[in-house]
Amino acid sequence: VESVTKTYSTGGAGQIRAVDNVSFEVRPGEFVALVGPSGSGKTTLAKTIIGLHQPSQGEIFFDGVKVIGRGKDFYRKVQMIFQNPGESLSHRLSVLELVMEPLEVQGIGNKEERRQKAIKVIGEVELPQTEDFINKYPHHLSGGEMQRVAIARALVLDPVLLIADEPTAFLDASVEAKILKLLLNLQESRGLSILYITHNIAAARKVSDRIAVMLDGRIVEEGPSNLVVTAPKHAYTRRLLQTASSLHRFETGVTQ
């Protein structure tokens, strides 16, 4: 991502810079966490990368090639997991149909080959491969199960970059930990690059190789996760860490 800006008109001559001159990269096989508060521009940036928004300025490159259009080839390589699986998954399709659909859109394999590939990936995200389960609909599933279906749907095309936009935002803490562990396992087994968007710097530290901190549309700090957490340079990063530390003490009953 090179010098990307995304502005929105507020009516008249007014504009809001949701993303303001942002540059960063995700290297092959790397887990990068983009951390910041609600309204900092994280999701807008992710949607600009995936092509749901067009940048007002700046350029995006993939494998060293400037991204101009986003056709089937791009979406075989880059996929996104959205915050709320209850909204991102069609409730008219079964689990199997949801995971098979990207293969059908791409015209990959025949019906039986698509079925077998979908069932394989359903198992890979640690969901049951039984006929009973794969024929269920999203409203029959728990939040964690729905998000695993969304992950399987993103993985079935064998992408090399996965953008995960607050994938645990609607899940409780125990399920959140399992989903993050799953993403780590998938990164290792598949050699995935992952851009993980979160407001939780404690979770980011646990899973990421590098952290980029975003505030008011800008990246204010970036570096190896351990360095950002142990020696933060920006005041907002320090506030994030203090909040995370206070929350941890509250949850565990530890007092100073």
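**Close-up views of a predicted model**

**Figure 1. Surroundings of isoleucine 211.** Leaving aside neighbours within four places in sequence, isoleucine 211 is in contact with Ala33, Val35, Ile201, Ala204, Arg205, Glu221, Glu222, Gly223, Ser225, Val228 and Val229. The model is predicted. A second, separate nonpolar core has 23 residues, including Val1, Ala46, Phe62 and Leu195.

**Figure 2. The largest nonpolar core.** This core holds 52 residues, and Ile151, Tyr196 and Ile211 are the members that touch the most others. Helix α7 gives the most to this core, contributing seven residues.

**Figure 3. The whole protein chain, for orientation.** The protein chain contains 11 helices and 11 strands. Its C-alpha atoms fill a box of roughly 55 × 50 × 35 Å along the principal axes. The radius of gyration is 19 Å, which agrees with the value near 18 Å that a compact globule of 256 residues would have. Buried residues account for 45% of the 256 residues. Among contacts with a separation of 6 or more, 65% are between residues 24 or more positions apart. The accessible surface comes to about 13000 Å², and carbon and sulfur atoms make up 50% of this area. The chain carries 30 positive and 29 negative charges, whose mean positions are 3 Å apart.

**Figure 4. Serine 3 in strand β1.** Serine 3 belongs to strand β1, which covers residues 2-11. Phi of serine 3 is near 50°, a positive value in a residue other than glycine. Most residues other than glycine have a negative phi. With a relative accessible area of 36%, serine 3 is partly exposed, because this class lies between the limits of 20% and 50%.

Figure 5. Aspartate 158 sits in the loop between α7 (143-155) and β8 (161-165). Although aspartate 158 is not a glycine, its phi is positive, at about 60°. The relative accessible area of aspartate 158 is 41%, so the residue counts as partly exposed.

Figure 6. The loop between β2 (14-22) and β3 (31-35) contains proline 28. Proline 28 has a relative accessibility of 79% and therefore counts as exposed, since the limit for that class is over 50%. From C-alpha to C-alpha, proline 28 and arginine 153 are 21 Å apart in space, and they are 125 residues apart in sequence.

**Figure 7. Glutamate 97 in helix α4, with arginine 153.** Glutamate 97 is part of helix α4, which spans residues 95-106. The C-alpha atoms of glutamate 97 and arginine 153 are separated by 9.6 Å, and the two residues are 56 residues apart along the chain. At 36% relative accessibility, glutamate 97 is classed as partly exposed.

Figure 8. Glycine 69 occupies the loop between β6 (65-66) and α2 (72-77). A relative accessible area of 53% makes glycine 69 exposed, because exposed means over 50%. Glycine 51 is 18 residues apart from glycine 69 along the chain, with 8.4 Å between their C-alpha atoms.

Key. Residues numbered from 1 in each chain as written. Predicted model: local features only at pLDDT ≥ 70, side-chain atom pairs only at ≥ 80, totals over all residues. Heavy atoms only, no water. Helix = DSSP H or I, 4+ residues; strand = E, 2+ residues; numbered from the N terminus. Rg over C-alpha atoms; globule rule 2.2 N^0.38 Å. Buried < 20%, exposed > 50% of the residue type's maximum accessible area, 1.4 Å probe, protein only. Contact = heavy atoms within 4.5 Å. Areas by Shrake-Rupley, 256 points an atom, 1.4 Å probe, with all protein chains shown as cover. Lys, Arg positive; Asp, Glu negative; His and termini not counted. Charge placed at Lys NZ, Arg CZ, Asp CG, Glu CD. Core = buried A, V, L, I, M, F, W, Y, C linked by side-chain atoms within 4.5 Å.
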